[in-house]
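Visitor: I've never looked at this one before. Could you walk me through it?

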Amino acid sequence: MAAGLFVLVVLVTLGITFWAGRRSRAAEDFYTAGRDFSPMQNGFAISGDYMSAASFLGVTGLIALYGYDGLLYTIGFLVAWLLVLMLVAELVRNCGRYTLADVLTLRMRERPVRVAAGVSGIVISLLYLLGQMVGAGTLVSLLLHLHSSAARAGAIVGVGVLMVVYVTIGGMKATTWIQIVKCVLLMGGTVLLTVLVLVRFHGDLGSLMRSAARGSGQGAAYDVPGLRFGHKLTDQLDFVSLGLALVLGTAGLPHILSRFYTVPTARAARRSAVWAIGLVGAFYLMTIVLGLGAAALIGAPAIKAANSAGNTAVAQLADALGGTVLFGVISAVAFATILAVVAGLTMAASASFAHDLWAQAFRHPDEDPPSERQEVVVARISAVAIGGVAIVLSLYAQKLNVATLVALAFAVAASANLPAVLFTLFWRRFTTRGAAWAIWGGLVPALVLVVFSPVVSGSAAAIFPGAHFDWFPLQNPGLVSVPCGFLAGWLGTVTSRERAEPDAYAELEVRALTGAGAV
Amino acid sequence: MSPQELAPDTEHPTAPRSSEESFDWWAASAAAREKQEQRREQEAVSATASGAFAASAGAPAEPPEDVATPSGIAAADIYRAVHESSEFREIRARYRRFVFPATAAFLLWYLLYVVLAVSAPQLMAHPIAGPFNTAWLLGLLQFASTFLLTWLYARHARAHRDRAALGLRWETQDRLR
């Protein structure tokens, strides 16, 4: 049953891809799907991009196992959207063409900023991709009951090949439609499960919460913070660090920002962000019910027995509520979720490479820029290369925790991209050196701190459990690296010899706030 | 401009009207919309009659044939002139007056919540109704405040910014052409 539905998901998404790929030759089509989507369609696509398997399966599992601490994740993921809505969406839509670097280079010199922004875009997308693909391997093997390491590796390679096909053949149009279909499926599946849970408890939320606390075996500790994150000072700092990364990271995620280029106007970008907030918020509210339902109806011991991180809690809940049929449907929805998110990430990474690095940064200033058609060819080739890199890295990173990897991607996005974007949009004196320093000054500390954190060495769950170079105590670097990014941007600006061009800032402000000259 | 007033639906001249309208979440009822459209038409007529933008740069509008080939310098001059115009300053001030305090408020409220969650266990465990305690209340309030602020921002942008920004956009692009 589940396997048949998985095949159906693959066939439908491939059908969309070949339908969308028929006539998309120009760069405008490949990167932005012709900017032709409506706010509602784009809102669904954004939500599809955002509600990853880490959210659907991971967060629900965390709520089931750790109660209130799982809820803390969902709040960070949702509140982050206010930053996107108010400070980023409209202005970026008005100023940029295909990537984030387009906004920065409107008032900065091309090459230093393109190199920095291109590299950070690829690093963030790869980290995020790694999390999704590692999750995909685990999930496909769990959901299809294939428990050999060969089956898991096969699932990773299969997902990687599919995402490359979606992007190279279908471009942004196929990616967006896959997101929309996935979002509808995901919301449908979530609503169905939520209703079934609520019916089971006769709509009595109090009795649901009491049963969940009982099922978790934690009693009163289930309904207060601290079950997952602990009470030591480093635990508390780590949690604040995570919260900071989640709330500031979304506005710097390349695959989310490039979504706003697929609508015709800034006003449409705002409306799509409003749709996204509505959908994402509703979704997370329902995951609370699902998590509590899983704890109440299945119980923590059975969830942990199936997967120690709780990633199968939703599937088990579906099985308990609707038998094999519902289990198959929800598994297929989770599979579609993974496929859609990896496609969006590959799309963003290939745009960063082709449009920022290859077409602009790796080029002598006197050289003529390449034609758009050449750029699209390179973007397609780079999607294949990025897919290959992601597959190889994922095969080696299978031990890493999915939620940790995704949180790292958020931390890097918050440290490297957000300071550069905010300074560019709102600080008159910001210079080219400031922009480059802001990106490098956030990206490098974030990555270095991760290398020296308990994620990489010194703990049982680390990549190198035997080694001990974990002098940085926090799992998430956000608390240190986000201020580093802002500080580096400020320092680069005050130390640069060249002054900010007032006319360039005037043009950026006029374009950002009115939409004049927007493509 | 009254806050209930909606921005024009013809933001994108090539986009079909129906698709623009059908996705307007916050659209007023059909009757109110019709009344506003009538008023908007009257305003549009009076605006063209009085030449609303002529004062912006303090210079008479150039005949189109003089700027037929846009050079970099000319474009920069136009952007600077628009940047210094009172219309643009008003749009920017309206945007910033809402967005900066709102961002500061929601970030502080979120950080307060995060810090309370880790540092005030007694407060968080305080029961309100059955298993429902302060922690859950604060968490759900974060959801509520996010939805509320989204709605307020969308309403503010529509009522106080969209129309003026759109007018300035076409005006600027006409001069750049």
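**Two helices side by side**

Guide: A:Ala153, A:Ile156, A:Val157, A:Gly160, A:Met163, A:Val164, A:Val167 and A:Thr168 in H8(A) meet A:Arg380, A:Ala383, A:Val384, A:Gly387, A:Ala390, A:Ile391, A:Ser394 and A:Leu395 in H15(A). Contact here is C-beta atoms, placed from the backbone, within 7 Å, and helices (H or I, at least four residues) and strands (E, at least two) are DSSP runs, numbered from the N terminus. This is a predicted model: local features need pLDDT of at least 70, side-chain atom pairs count only at pLDDT 80 or more, and totals for chains, interfaces and linings use all residues. Residues are numbered from 1 along each chain as its sequence is written, with chains lettered from A and ligands numbered from 1 in the order in which they are written.

Visitor: How is H8(A) oriented relative to H15(A)?

Guide: Helix H8 (residues 149-200) and helix H15 (residues 372-396) of chain A have axes 9 Å apart, at an angle of about 165°. Axes are lines fitted to C-alpha atoms, for helices over the stretch in contact, and angles run from 0 to 180 degrees between N-to-C directions. Angles over 145 degrees count as roughly antiparallel, so H8(A) and H15(A) are roughly antiparallel.

Visitor: Which element gives the most to the side of chain A that touches chain B?

Guide: The contact takes 46 residues from chain A and 51 residues from chain B. Helices H3 (39-50), H5 (68-95) and H9 (205-216) of chain A are among the elements giving two or more residues to that side of chain A. With eleven residues, the top contributor is H5(A).

Visitor: How many helices and strands are in chain B?

Guide: From the N terminus on, the elements of chain B run α-α-α-α-α-β-β-α-α. That's seven helices and two strands.

Definitions and conventions. Parallel < 35°, antiparallel > 145°, perpendicular 65-115°, else oblique.
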